[in-house]
Amino acid sequence: MVEANSMDRQRRLFLKRFGQFLLYRGLPLPSLLALSACDVGDEREVVRLEPTLDYYTPLYASPTPLPTTARFAAIADFGTGEEPERDVAELVKSWEVDFVVTAGDNNYFNGKASTIDENIGQFYHEYIYPYKGEYGRGADVNRFFPALGGHDWRQPGAQPHLDYFTLPGNGRYYDVRWGPAHIFILDSIEKEPDGVTSTSRQAQWLRATMGQSDAPWKVVVVHDPPYSSGETHSSQKHIQWPFKEWGASAVIAGNDHVYERVIVEELPYFVNGLGGGRIYDFDNDEIVEGSEVRFNGDYGAMLVEADADRLSFQFVTRAGEVVDDYGLEL
Ligand SMILES: [Fe+2]
């Protein structure tokens with residue numbers, strides 16, 4: 001066992017050094033700075049699980065042919081274990097998506113290990129791999145990519161979350177490439193050890209990784225909404241990073257339990273917090289500039305579809321009503 005671990009470590013170190021060599025040869029200074037901030041304990045590796053699925057960092061980008069489309073659901077603020085969550089999960093399953101992303105608050109109320117399977121696995125185990133819970137079979141490969149929310153961080157180190165899932169990178173913030181879609185899951189909670197400001201180590205990672213991506217569509221998923229007209233939380237300045245400048249196509253957030261689409265400097269920001277937790281109100285005296293669609297009439301989820309030329313977003317209620325339908329084209 002020790003030998004196997006040692007060999008594995010040597011292999012990862014070799015890959016890391018090879019990646020550093022490639023990076024030093026030709027990538028821009030910000031990437032170099034981000035890499036130099038990494039230590040061995042932070043090493044990341046390609047995990048090839050099937051020909052069409054590729055978790056990767058640009059350091060070890062894979063030549064494997066990727067699928068030509070991506071179809072995924074986005075949910076947030078869902079982990080109550082109650083009926084609205086079940087209804088939204090049924091909606092998501094009806095879409096037959098490739099994978100599910102979450103913008104956090106996956107496990108109310110306190111992010112405990114004792115509630116996590118009831119609050120997540122009960123309704124979404126079909127997307128999780130390896131699935132360690134008690135509600136049936138898991139997925140063939142991991143198809144569930146959660147961000148951390150404030151409630152998930154209520155346990156020290158967000159350990160129940162990190163123990164329950166097997167995720168790329170450090171599991172707190174990471175990227176997933178699926179065909180034309182490159183997903184960047186961030187951690188906006190201030191307990192994040194690598195920081196949550198636009199100059200943090202986490203932000204350097206995003207800037208470098210997103211900057212090197214050749215995907216046509218780059219989607220950021222993060223709990224705190226950079227822009228929100230929600231009455232409970234509103235816009236979160238600490239996460240107003242220069243996403244557009246760094247190459248993002250869209251930002252999907254949660255935390256305010258409403259649905260909103262805000263366009264800021266031509267970048268769409270979604271608040272998508274109607275996954276199952278108690279619904280919040282809008283602050284009608286403080287509607288943010290660029291807010292184009294607002295809805296808090298029912299629970300629901302987003303369906304996102306990407307191909308080489310188009311990225312489309314819908315918000316659909318658990319009753320099947322399409323509240324928003326928005327598309328980007330190259
Ligand atoms: Fe929440």
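The model is predicted; local features are reported only at pLDDT of at least 70, side-chain atom pairs count only at pLDDT 80 or more, and totals for chains, interfaces and linings use all residues. Residues are numbered from 1 along each chain as its sequence is written.

The chain has 6 helices and 15 strands. Helices (H or I, at least four residues) and strands (E, at least two) are DSSP runs, numbered from the N terminus. Of the 330 residues, 48% count as buried. A residue is termed buried if 20 or more other C-beta atoms lie within 10 Å of its own, exposed if 12 or fewer, and partly exposed in between, with C-beta atoms placed from the backbone. Among the contacts with a separation of 6 or more, 65% come from residues 24 or more positions apart; a contact requires C-beta atoms, placed from the backbone, within 7 Å.

The largest nonpolar core holds 83 residues, of which A74, V100, V221 and V251 touch the most other members. Such a core is a set of buried Ala, Val, Leu, Ile, Met, Phe, Trp, Tyr and Cys residues joined through C-beta atoms within 7 Å. Leaving aside residues up to four places away in sequence, V251 touches V220, V222, P226, F243, L267, Y269 and F270.

An open sheet of 6 strands shows the order 5-4-3-13-14-15, with mixed pairing. Its edges are strand 5 (144-146) and strand 15 (322-329), each of which pairs on one side only. Two strands pair if DSSP finds at least two bridges between them. Neighbouring strands of this sheet are turned by 20° against each other on average, direction ignored; axes are lines fitted to C-alpha atoms, for helices over the stretch in contact, and angles run from 0 to 180 degrees between N-to-C directions. Strand 3 (residues 70-75) and strand 4 (residues 99-102) run parallel and are joined by 4 bridges, with F72 opposite F99 in strand 4. Strand 14 and strand 15 run antiparallel and share 7 bridges; here V316 stands opposite V322. Their hairpin has 4 residues between the strands, and G320 takes a positive phi near 95°. Strand 15 is hardly covered, the count of buried residues among its 8 residues being 0.

Helix 3 (residues 83-94) lies across strand 3, strand 4, strand 13 (300-306) and strand 14 (310-317), at about 20° to strand 13. Its buried residues are E85, V88, A89, L91 and V92. These residues cover an arc of only 155° around the axis, which puts them on the same side of helix 3; the arc is that of the directions from the helix axis to the C-beta atoms. Their cover includes strand 3, strand 4, helix 4 (113-124), strand 13 and strand 14. On the other side of helix 3, E83, E90 and S94 are exposed. E96, which follows helix 3, has a positive phi near 50°.

H257 is placed in the loop between strand 9 (250-253) and strand 10 (259-264). This residue counts as buried because it has 25 C-beta neighbours inside 10 Å. Residues up to four places away in sequence excluded, H257 touches D77, G273, L274, G277, R278, I279 and Y280. H257 and G276 are 19 residues apart in sequence and 8.7 Å apart in space, C-alpha to C-alpha.

Definitions and conventions
Contact = placed C-beta atoms within 7 Å.
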